[in-house]
Amino acid sequence: MRRTLPPTRDLACFEAVARHRSVTRAAAELNLTQSAVSRRLAALEELLGQNLFLRDKQRLTPTVAAEEYAEELRSLLNRVEVATTRLLSHGRKGGVLTVACLPTFGSRWLVPRLARFIAEHPTVDINLISKIRPFSFEEDKAHAAIHFGSPTWPGARIHHLMDEHVIPVCAPALIGGQVLASPDGFARLPLLQHTTRPYLWRDWLADAGAASTASAGRNSNIIRSSSRPRSPGSASQSFRTSWCGRKSSRAH
């Protein structure tokens with residue numbers, strides 16, 4: 001009986017496109033050309049016998065089934081990467097340190113700061129995996145994670161790194177050149193919600209002193225994206241960023 005096992009590279013391309021909603025950004029992340037990513041998506045869809053995305057001009061939206069498929073693949077691909085890194089580093093003195101973090105935070109903040117650690121620990125291999133939600137350290141085999149949110153994670157030691165400063169932004173055409181005199185003005189506008197942080201607008205409006213936050217979710221459009229840290233001093237609300245390491249972690 002033939003196994004239904006698509007090529008790993010095709011799955012990696014699909015997962016990246018599903019996460020970014022863009023072939024261009026997926027290609028940049030994977031260091032491939034856009035045409036190569038498109039060909040692998042087409043090959044995967046042909047193998048599976050169904051379309052994985054709803055195509056509207058330049059926008060790609062995964063189908064409901066494809067979204068669930070991508071979520072499961074994300075964890076599996078991370079585990080394959082971790083296992084491969086461990087195999088390649090087998091016998092080395094330092095071993096592997098696997099860190100899970102938000103994709104944008106990892107590329108914009110963490111990676112530029114790794115040079116010093118690598119210089120001080122040349123025998124340790126760093127393996128970064130993308131995670132946008134809390135997860136099981138045992139299932140994903142990560143030693144530590146950088147996480148936005150409340151400082152609660154069962155079975156982990158948590159250290160506060162920094163506050164996240166959040167400010168609202170909008171297209172100038174949306175408000176027609178007017179100035180919003182109070183936070184209540186935002187509650188009447190269409191709001192973009194993060195699926196990973198569904199109460200962000202409600203919490204921001206409450207913290208900013210809005211008279212009511214009940215309408216914060218009524219005119220909302222749901223998007224999947226990771227939040228970027230803002231620079232200190234421009235905050236209207238702050239959230240905690242924490243370094244979480246499992247209590248039985250072998251990492252130092």
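**Entry: helices α1 and α4**

I am working with a predicted model. I recorded the crossing of α1 past α4 as left-handed.

Next I listed the residues that make this contact. From α1 I have Thr-8, Leu-11, Ala-12, Phe-14, Glu-15, Ala-18 and Arg-19. From α4 I have Ala-66, Tyr-69, Ala-70, Leu-73, Arg-74 and Leu-77. Sorted by kind, the residues of this contact give nine nonpolar, three charged and one polar.

**Entry: two positive phi values**

I then turned to backbone angles. Most residues other than glycine have a negative phi. Arg-21 is not a glycine, yet I found its phi to be positive, at about 60 degrees. I located Arg-21 in the loop between α1 and α2 (23-30).

I found a second case at Asn-31, where phi is positive and near 60 degrees in a residue other than glycine. Asn-31 sits in the loop between α2 and α3 (34-48).

Which of the two is buried and which is exposed? Arg-21 has 15% relative accessibility, so I put it down as buried, the cut-off for that being under 20%. Asn-31 has 71%, so I put it down as exposed, since exposed begins over 50%.

**Entry: Cys-101**

I looked up Cys-101 and placed it in strand β3 (residues 96-101). Its relative accessibility is 4%, and therefore Cys-101 counts as buried.

What does Cys-101 touch, leaving aside its neighbours within four places in sequence? I listed Gly-106, Leu-110, Ile-129, Ser-130, Lys-131 and Ile-146. I also checked the distance to Ile-132, which is 31 residues from Cys-101 along the chain. The C-alpha atoms of Cys-101 and Ile-132 are separated by 7.1 Å.

**Entry: the whole protein**

Last, I noted the overall figures. I have 10 helices and nine strands for the protein. The protein has 252 residues, and 37% of them count as buried. The accessible surface comes to about 15400 Å²; carbon and sulfur atoms hold 53% of that surface.

How many of the contacts between residues at least 6 apart in sequence join residues at least 24 apart? I wrote down 72%.

Terms used: Residues numbered from 1 in each chain as written. Predicted model: local features only at pLDDT ≥ 70, side-chain atom pairs only at ≥ 80, totals over all residues. Heavy atoms only, no water. Left-handed = near helix turned anticlockwise from the far one by under 90°. Helix = DSSP H or I, 4+ residues; strand = E, 2+ residues; numbered from the N terminus. Contact = heavy atoms within 4.5 Å. Nonpolar A, V, L, I, M, F, W, Y, C, P; charged D, E, K, R; others polar. Buried < 20%, exposed > 50% of the residue type's maximum accessible area, 1.4 Å probe, protein only. Areas by Shrake-Rupley, 256 points an atom, 1.4 Å probe, with all protein chains shown as cover.
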